[in-house]
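The following note is meant for a colleague who meets this structure for the first time. Its points go through the chains one by one and then turn to the way they meet.

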Amino acid sequence: MGQTIAEKIISRHAGRPVVANEIVIVPIDGAMATDATAPLAIRAFRSMGGARLWNPNRVALVIDHAAPAPNEQISNLHGLMRTFAREMGCILYDVGEGICHQLMVEHDHVRPGDIFLGADSHTPTCGALGAFATGVGSTDLAAAWLTGKTWLKIPTSIKIVLEGSLRPGVSAKDLVLFLVGRIGSDGARYQAVEFTGAAIRSLSLASRMTLANMAAEMGAKTAFVEMTGLTLPYSYEPIQADPDAVYHAVFSFAVSDLRPQVAIPHAPDNVVSIDTVAGTPIHMAFIGSCTNSRLEDLQAAAAVLRGHKLAPGVRLIIAPASRQVFTMAVRDGTIDALAEAGATFITPGCGPCVGTHQGIPGDGEHVITSTNRNFRGRMGNPRASVYLASPAVVAASALRGVITDPADVL
Amino acid sequence: MSILRGIAHVYGDNIDTDRIIPGKYTKTLDDHLLASHVLEDLDPEFARKVRPGDILVAGHNFGAGSSREQAAIALKTAGISVVVARSFARIFYRNAINIGLPLVETPDHAIETGHLVAVDLEQGMVIDETAGRRYSSTRMPPVMVAILREGGLVNYLRRYGDYNDVEAR
């Protein structure tokens with residue numbers, strides 16, 4: 001019987017053929033935690049009697065969720081992570097290096113065919129390069145640090161076939177918002193999502209990461225983006241599902257006519273085409289997060305804003321995905337164009353997406369953001385309304401002061 | 001694992017982890033601080049009215065969103081003895097078991113707030129004693145039963161040092 005991508009990767013790790021719904025204990029290839037989850041993982045690891053990491057070269061800690069620290073309590077948690085990393089000899093990315101998932105890809109900590117655990121729900125982002133990457137909590141991660149293993153129920157898989165090609169100004173974010181709206185917030189619960197089809201073959205790695213990233217908003221355990229057309233800085237063997245693999249469901253969408261999409265308050269699957277909400281006033285705009293803050297995202301915003309000024313009364317905050325992204329955007333003039341337009345830059349990291357520091361909206365304010373979740377209170381204030389969109393839509397909306405289709409300003 | 005009995009607090013579908021514990025409160029190792037803000041944006045009165053042993057009851061996809069284990073810790077520390085939901089988001093489900101907060105997936109329950117509810121974890125049975133109705137639950141994988149029996153993954157690994165292959169089968 002044919003295998004899905006998830007079944008293939010897990011079979012290789014288990015050393016025997018496995019099928020969906022089996023439970024296996026498998027070795028992992030890497031584990032990552034952030035300042036939102038590492039402190040609890042460190043506490044759990046110590047309580048388990050942990051003295052040494054199973055493999056310090058495969059363990060990364062990233063300070064990105066509240067970096068730099070907004071108060072002494074969080075600063076002390078960062079200190080706990082630094083001390084732990086030093087004692088254990090593991091990898092540490094400190095304040096300003098960037099967002100965990102971006103760093104795992106940029107710095108080659110995850111490769112096609114790996115089983116990778118992240119103590120962060122957007123870990124499926126790394127499925128953009130064919131890894132079985134899945135989010136866990138702190139105690140599961142601590143157990144992986146100790147044993148180099150985890151237990152998994154092999155997920156059933158959903159195949160999403162995307163036919164056609166995206167119109168100019170329509171991005172992977174619009175595509176994935178559309179899909180989250182169609183599949184629903186628990187439509188892929190416990191499952192692996194395989195994205196395939198002509199529409200994704202021309203997408204960059206960055207766009208593929210955007211796509212895999214928001215599989216989390218469908219409830220997915222992991223996601224894979226078809227590897228056709230994907231160039232990585234090393235040679236690799238593409239992982240493909242067998243033609244006779246068994247799927248829980250197959251969805252097919254023609255995407256050539258897709259318009260920009262917006263998720264309206266207060267759920268990521270509450271998705272409408274931009275015409276429905278165009279004209280809604282906004283107060284704050286944010287470009288950032290593991291979903292959309294890579295170079296192409298900043299460039300898309302700069303293409304809209306170059307030579308213009310933000311609408312009066314609108315603040316635009318930008319947190320690049322990493323130091324590397326930031327320096328590339330400095331060199332190619334992207335940062336200059338955005339700063340001239342009136343954008344404010346903050347530390348590469350999660351920024352306002354998680355509502356812990358920097359850029360918390362006020363009561364009654366409307367926020368348009370390139371992030372992934374608009375749950376009530378997500379950005380730190382339950383009395384604010386959050387709209388999710390692509391970087392181009394965020395930039396166009398910041399330019400006009402109301403939710404705007406970038407096609408109207410380009 | 002014995003029978004848990006308590007008063008039900010009932011909420012709806014898609015209760016995400018941001019509503020269980022907002023991200024702004026999660027950066028701490030003080031479990032009681034987490035408990036003092038539990039479900040704050042959903043029901044500001046909850047942290048005050050919850051009593052040790054009470055049972056949280058919800059609809060579909062309970063615990064969606066973030067991987068924050070603080071959500072399960074906040075509920076447990078606040079005194080919740082077991083969560084009954086029609087379905088759970090997967091990371092929350094693992095987290096709760098790992099920290100020793102029992103869960104039962106009970107797809108067709110119609111429990112109402114204030115009802116006295118008994119949960120038999122061993123049998124996977126949920127009994128609404130006030131309404132006189134019984135519901136059966138989805139069976140938990142053996143590896144999870146083993147972890148829960150030890151009171152969580154920390155205790156499990158302290159005892160065994162590694163995952164036990166036999167329990168995965």
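What domains does the domain assignment of chain B give? The model under discussion is predicted.

1. Domains of chain B. The assignment divides chain B into domain 1, residues 3-138, and domain 2, residues 139-169. A distance of 21 Å separates the C-alpha centres of domain 1 of chain B and domain 2 of chain B. Where they touch, domain 1 of chain B contributes 7 residues and domain 2 of chain B contributes 7 residues. On the domain 1 side of this contact there are 3 nonpolar and 4 polar residues, with no charged residues.

2. Overall form of chain B. Chain B contains 8 helices and 7 strands. Its C-alpha atoms occupy a box of roughly 45 × 40 × 25 Å along the principal axes. The radius of gyration of chain B is 15 Å, and a compact globule of 169 residues would have a value near 15 Å, so the two agree.

3. Overall form of chain A. Chain A has 13 helices and 18 strands. Along the principal axes, the C-alpha trace of chain A extends over about 60 × 55 × 40 Å. For 410 residues a compact globule would have a radius of gyration near 22 Å; the value for chain A is 20 Å, which agrees.

4. Domains of chain A. Three domains are assigned to chain A: domain 1 covers 22-153, domain 2 covers 157-229 + 239-254, and domain 3 covers 263-408. Taken over C-alpha atoms, the centres of domain 1 of chain A and domain 3 of chain A are 27 Å apart. The contact between these domains involves 17 residues of domain 1 of chain A and 13 residues of domain 3 of chain A. The side belonging to domain 1 of chain A is made up of 7 nonpolar, 7 polar and 3 charged residues.

5. Helices α2 and α3 of chain A. How do these helices pack against each other, in angle and in axis distance? Helix α2 (residues 38-47) and helix α3 (residues 72-88) of chain A meet at an angle of about 55°, and their axes are 9 Å apart. This angle makes α2(A) oblique to α3(A). Their crossing is left-handed. From α2(A), the contact uses Ala38(A), Pro39(A) and Ile42(A); from α3(A), it uses Leu77(A), Leu80(A), Met81(A) and Phe84(A). By class, the contact of α2(A) with α3(A) consists of 7 nonpolar residues, with no polar and no charged ones.

6. Helices α10 and α12 of chain A. The axes of α10(A) and helix α12 (residues 334-341) of chain A approach within 9 Å and cross at roughly 50°. The two helices, α10(A) and α12(A), are therefore oblique to each other. The crossing of α10(A) and α12(A) is left-handed. On the α10(A) side the contact is formed by Leu298(A), Gln299(A), Ala301(A), Ala302(A) and Leu305(A), and on the α12(A) side by Thr334(A), Ala337(A), Leu338(A) and Ala341(A). These residues divide into 7 nonpolar and 2 polar, with no charged residues.

7. Backbone details of chain A. Which residues of the chain are joined by cis peptide bonds? One such bond links Ala67(A) and Pro68(A), with omega about -5°; Pro68(A) is in the loop between β3 (59-62) and α3 of chain A. Another runs from Pro265(A) to His266(A), with omega near 0°. His266(A) is placed in the loop between β12 (261-263) and β13 (271-273) of chain A. Ser289(A) belongs to the loop between β14 (284-287) and α10 (295-305) of chain A.

8. Where the chains meet. The contact between the chains takes 48 residues from chain A and 37 residues from chain B. On the chain A side, the elements that give two or more residues are β1 (23-27), α2, α3, α5 (138-147) and β7 (149-153). The largest share of that side is the 6 residues from α5(A). By class, the side of chain A that touches chain B has 21 nonpolar, 16 polar and 11 charged residues.

Technical notes: Residues are numbered from 1 along each chain as its sequence is written. Chains are lettered from A and ligands numbered from 1 in the order in which they are written. This is a predicted model: local features need pLDDT of at least 70, side-chain atom pairs count only at pLDDT 80 or more; totals for chains, interfaces and linings use all residues. Domain bounds come from an automatic or database domain assignment. Two residues are in contact if their C-beta atoms, placed from the backbone, lie within 7 Å. Ala, Val, Leu, Ile, Met, Phe, Trp, Tyr, Cys and Pro count as nonpolar, Asp, Glu, Lys and Arg as charged, and the others, Gly among them, as polar. Axes are lines fitted to C-alpha atoms, for helices over the stretch in contact, and angles run from 0 to 180 degrees between N-to-C directions. Helices (H or I, at least four residues) and strands (E, at least two) are DSSP runs, numbered from the N terminus. Angles under 35 degrees count as roughly parallel, over 145 as roughly antiparallel, 65 to 115 as roughly perpendicular and the rest as oblique. A crossing is left-handed if the near helix is turned anticlockwise from the far one by less than a right angle, and right-handed if clockwise. The radius of gyration is taken over C-alpha atoms; the globule rule is 2.2 Å times the number of residues to the power 0.38.
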